[in-house]
Amino acid sequence: VLVIGGGISGVLAAIRLAEAGIEFTVIEKNESVGGTWFENRYPGARVDVANHLYSYSFAPAHHWTEYFSQQGELQTYFEQCIEKHQVKQHFQFSTEVIGSEWNEAEQCWHTRIRRPDGSEEMLASNAVISAVGQLNRPSIPDIPGLDSFAGPCFHSAQWDPSTDVRGKRIAVIGSGASAFQLVPELASEAAELTVFQRTANWMFENPIYHDAVADGKKWCLEHLPFYARWFRFLIFWPAIDGAWETTIVDPDWPHQDRSINETNDMIREMFGEYIKSQVGDDEELLAKVMPDHAPMGKRMLQDNGTWLQALKKDNVTLVNEAVTSIEGNCVRTDSGASCEVDIIVLATGFKANKFLWPMEIRGRNGTLLSDQWGEEPSAYLGISVPNFPNFFLCYGPGTNLAFGGSIVFNIECQVRYAMDCLRELLGSGRQSMECREDVFSQYNQRFRDQHAQMIWEHPSIEHSFYTNDEGKCTLLWPWKILTMWQWTREVNPVEYHYN
């Protein structure tokens with residue numbers, strides 16, 4: 001088996017393949033494992049799911065120093081996992097997959113890779129597991145003059161650690177999840193910090209977001225029988241599907257311009273009051289930070305007061321206008337206003353809808369996966385695709401989360417299913433398996449029908465990275481997380497063609 005990617009999914013796939021005694025290789029473009037936690041090293045980078053849940057179920061970490069750990073500690077965790085499970089020798093780092101093609105005659109995949117020295121090589125494997133994340137290819141905005149900016153200019157996921165921000169004039173373009181963590185850090189060191197915001201974000205209060213885990217808690221997790229399992233469940237169960245109902249549109253709800261159902265409206269009121277309590281009597285700032293869309297429709301952010309307190313600082317300016325051009329060292333906006341800056345940070349997200357880009361994956365009869373998908377990537381259970389035998393996706397289309405839970409849990413479900421597919425092949429003596437077109441089509445229709453009832457495709461939600469240009473949601477799992485666990489427990493052989 002060839003595994004593409006050494007992030008959360010790739011590390012897990014490696015561990016499970018090793019346990020099964022299956023020969024495998026993991027190709028990772030970075031210098032080490034961790035995926036997004038290797039790449040995103042901007043000041044303040046941390047996870048927004050509680051760490052004791054944002055970790056493998058079979059590899060609890062009792063040492064977390066914070067409940068929501070920072071990048072370095074997360075990176076170390078995944079490095080420790082490959083060492084502990086003795087799979088590091090199967091990883092080929094600083095190596096990139098260019099493309100992969102199914103060979104019908106040989107019933108195997110031929111994958112072309114590029115080594116660190118630029119040389120290329122072809123690897124053959126019976127199966128491919130794509131462990132490529134959704135948040136690993138930065139989205140760089142098409143702003144005239146951006147390339148000619150004289151000072152440091154980089155995406156938040158490509159943070160240059162040598163950059164000295166002290167006393168500098170800094171522009172942060174974007175106000176999403178990365179900016180939410182980055183801006184408070186920069187605000188304490190920059191001479192002037194200007195944040196360009198397209199859409200205000202809904203946030204909910206989390207007073208322990210930056211809190212350390214007490215020594216007593218660590219001791220209990222490590223030594224008290226069953227305490228760690230109970231604590232993980234205590235985090236998991238209330239969050240797993242608790243907010244799902246709030247994402248379903250009530251067609252009879254009379255206030256569609258502000259919310260989608262009664263509970264969603266209550267959440268809006270609660271979150272709105274929290275924002276007001278943080279802003280105080282600054283009416284101008286309140287008008288800028290109060291969202292005008294229904295809560296849950298875009299990525300929800302956690303706050304312990306740091307974001308809004310940073311925006312209230314004298315050296316910080318929030319601009320609710322799009323950046324239209326960069327001229328010299330000036331950032332210009334829609335209204336013609338401009339500000340001079342020394343550093344530009346692009347907190348502009350990722351090409352989340354371009355799954356596996358820029359790789360070329362060719363299946364049966366040379367079918368190019370990106371062509372088959374077009375602007376609406378989809379896979380059965382988010383894992384398998386017709387015309388692509390023995391090709392299994394982890395964190396594929398329609399498997400991301402937006403209403404609770406942990407992506408690590410989802411990935412464990414997907415890897416378990418992929419391993420069951422391999423077990424089915426080995427047990428039957430067959431060479432390949434491919435999702436039936438009718439099974440895929442029926443699933444995809446259910447997927448589309450479900451999303452049509454949910455907030456992410458509601459007409460009031462604009463500029464969401466969850467959706468494509470046509471407003472269709474391609475990234476998110478629309479059912480309960482418990483449903484994913486049930487549907488991926490084992491493969492149903494009748495849903496596949498075999499050779």
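What is the order of the strands in the open sheet of 5 strands? The points below take this up first and then go through other parts of the model.

1. Basis. The model is predicted; local features need pLDDT of at least 70, side-chain atom pairs count only at pLDDT 80 or more, and totals for chains, interfaces and linings use all residues. Residues are numbered from 1 along each chain as its sequence is written, and side-chain values use heavy atoms, with hydrogens and water left out.

2. The open sheet. Its 5 strands run in the order β3-β2-β1-β7-β19, with parallel pairing. β3 (91–92) and β19 (391–393) are at the edges with a single partner strand each, so one side of each has no neighbour in the sheet. Strand β2 (residues 25–27) is joined to β3 by 2 bridges, and the two run parallel. Within this pairing, V26 stands opposite F91 in β3. Helices and strands here are DSSP runs numbered from the N terminus (helices: H or I, at least four residues; strands: E, at least two). Strands pair if DSSP finds at least two bridges between them.

3. Strand β10 and its partners. Of the 5 residues in β10 (residues 192–196), 4 are buried. Buried means under 20% relative accessible area, exposed over 50%, and partly exposed in between (1.4 Å probe, protein chains only). Strand β9 (residues 169–173) runs parallel to β10 and is joined to it by 5 bridges, with I170 opposite L193. β13 (residues 316–319) also pairs with β10 in the parallel sense, over 4 bridges, and here F196 stands opposite V319. β9, helix α4 (residues 177–187) and β10 make a right-handed β-α-β unit; right-handed means that, with the strands pointing away from the viewer, the path from the first strand over the helix to the second runs clockwise.

4. Nonpolar cores. Which residues touch the most other members of the largest nonpolar core? They are Y56 and L193, in a core of 151 residues. Helix α11 (residues 407–428) gives the most to this core, with 12 residues. A second, separate core has 14 residues, including L146, I326, C339 and L346. A nonpolar core is a set of buried Ala, Val, Leu, Ile, Met, Phe, Trp, Tyr and Cys residues joined through side-chain atoms within 4.5 Å. Leaving aside neighbours within four places in sequence, L193 is in contact (heavy atoms within 4.5 Å) with I170, V172, V183, L186, A187, N315, V316 and T317.

5. Aromatic pairs. The whole structure holds 28 aromatic pairs. One of them, F68 with Y209, is edge-to-face, at 5.4 Å centre to centre and 70° between the planes. F68 lies in the loop between α2 (36–39) and α3 (71–84), and Y209 in the loop between β11 (203–205) and α5 (215–223), so the pair ties together parts 141 residues apart in sequence. F68 is buried at 7% relative accessibility, and Y209 is buried at 5%. F180 and W307 form a stacked pair, 4.8 Å centre to centre with 25° between the planes. F180 belongs to helix α4 and W307 to helix α9 (residues 306–311), so this pair ties together parts 127 residues apart in sequence. F180 is buried, with a relative accessible area of 5%; W307 is buried at 2%. Ring pairs also link Y380, Y443, F447, W477, W479 and W487 into a cluster. Rings of Phe, Tyr and Trp (its six-membered ring) pair if their centres lie within 6.5 Å; planes under 30 degrees apart count as stacked, over 60 as edge-to-face and the rest as tilted.

6. Helix α1 (residues 8–20) has 13 residues and reaches 19 Å from its first C-alpha to its last, close to the 18 Å expected. The expected span is 1.5 Å times one less than the number of residues. Among the buried residues of α1 are I8, V11, L12, I15 and L17. G21 follows α1 and has a positive phi, near 75°. Helix α6 (residues 227–240) has 14 residues, and its end C-alpha atoms are 20 Å apart, in agreement with the 20 Å it should span. In α6, Y227, A228, F231, R232, F236 and I240 are buried. The buried residues of α6 pack against α5, α11 and α13 (481–487).

7. A hairpin. Strands β14 (residues 323–327) and β15 (residues 330–333) pair in the antiparallel sense over 4 bridges. The bridge partner of E327 is C330 in β15. The two strands form a hairpin with 2 residues between them, and G328 in the turn has a positive phi of about 65°.
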